[in-house]
Amino acid sequence: MNPFRKLDGLVAPMDRANVDTDAIIPKQFLKSIKRSGFGPNLFDEWRYLDVGQPGQDASGRPKNPDFVLNQQRYQGAQILLARDNFGCGSSREHAPWALEDFGFRVILAPSFADIFYNNCFKNGLLPIKLAASEMDALFAQCQGTAGYRLMVDLEARTITRPDGKVIPFDVDAFRRECLLNGWDDIGLTLRHADKIREFEARRRIDQPWLFA
């Protein structure tokens with residue numbers, strides 16, 4: 001998992017509440033567990049005018065010109081503005097995989113579904129909860145300003161707007177430490193690799209019949 005410390009990123013606004021995980025990555029794409037390659041199918045039913053299928057080359061598919069992420073001004077966005085209850089619905093981990101594979105590193109919203117929120121941290125995404133009034137201001141500025149960018153500083157736990165306003169945010173200390181160091185669940189386990197090897201070597205001596 002890539003560490004996250006600071007990001008000066010282009011912002012895209014998704015002005016919809018209750019965006020569920022089936023909208024983020026539709027069910028037909030859940031057969032793969034490779035954790036990569038889901039970006040072209042992020043918000044598939046909203047981005048394209050046809051029905052996407054697993055393994056299909058998305059480059060030639062007809063796009064919905066009205067969908068926000070298809071607009072030229074938001075190409076390359078790494079920060080997503082969202083509304084209440086983002087990531088609700090089923091608990092599929094493919095949802096943060098698709099967002100990360102598309103290029104997003106930060107999602108700002110007033111609230112998130114709990115399981116989706118936890119899955120984001122485990123997959124290198126930083127979900128930040130902000131007051132609805134702060135989100136309203138960000139949406140207004142983003143929609144009214146081409147090339148709108150934010151500076152997100154996880155070390156300082158701040159978001160800096162282009163006008164200089166600094167917005168503090170809260171994040172669990174353990175999750176923050178994991179993101180700063182790029183530790184997913186496997187990475188956390190491998191921090192104790194020496195002790196694991198010592199245990200395995202000792203068990204071979206104490207319980208040799210297990211390895212006969």
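Is Gly124 buried or exposed? Gly124 is buried, with a relative accessible area of 3%, where buried means under 20% relative accessible area, exposed over 50%, and partly exposed in between (1.4 Å probe, protein chains only). The model you are looking at is predicted, so local features need pLDDT of at least 70 and side-chain atom pairs count only at pLDDT 80 or more, while totals for chains, interfaces and linings use all residues. Residues are numbered from 1 along each chain as its sequence is written, and side-chain values use heavy atoms, leaving out hydrogens and water.

**The chain as a whole**
- The protein chain has 8 helices and 7 strands; helices (H or I, at least four residues) and strands (E, at least two) are DSSP runs, numbered from the N terminus.
- Its C-alpha trace spans about 70 × 40 × 25 Å along the principal axes.
- Of the 212 residues in the protein chain, 45% are buried.
- The accessible surface of the protein chain is about 11,100 Å², and carbon and sulfur atoms own 49% of that; such areas come from the Shrake-Rupley method with a 1.4 Å probe, and for residues only the protein chains shown count as cover.
- Among contacts (heavy atoms within 4.5 Å) with a separation of 6 or more, 65% join residues 24 or more positions apart.

**Helix 4 and its neighbours**
- Helix 4 covers residues 114–122, and Phe116, Tyr117, Asn119, Cys120 and Phe121 are buried there.
- Those buried residues pack against helix 1 (21–24), helix 3 (94–102), strand 3 (106–109), strand 4 (126–129) and helix 6 (173–181).

**A closer look at Gly124**
- You can find Gly124 in the loop between helix 4 and strand 4.
- Leaving aside residues up to four places away in sequence, Gly124 touches Met1, Arg105 and Leu179.
- Met1 and Gly124 are 123 residues apart in sequence, yet their C-alpha atoms are 5.9 Å apart in space.

**A nonpolar patch on the surface**
- Trp209, Leu210 and Phe211 form a nonpolar surface patch, with about 340 Å² of accessible area together.
- Patches are made of residues with over 30% relative accessible area and no salt bridge, joining like charges within 9 Å and nonpolar side chains (Val, Leu, Ile, Met, Phe, Trp, Tyr) within 5 Å; a salt bridge is a side-chain nitrogen of Lys or Arg within 4 Å of a carboxyl oxygen of Asp or Glu.
- Trp209 sits in the segment after helix 8 (193–206), and Trp209 counts as exposed because its relative accessibility is 58%.
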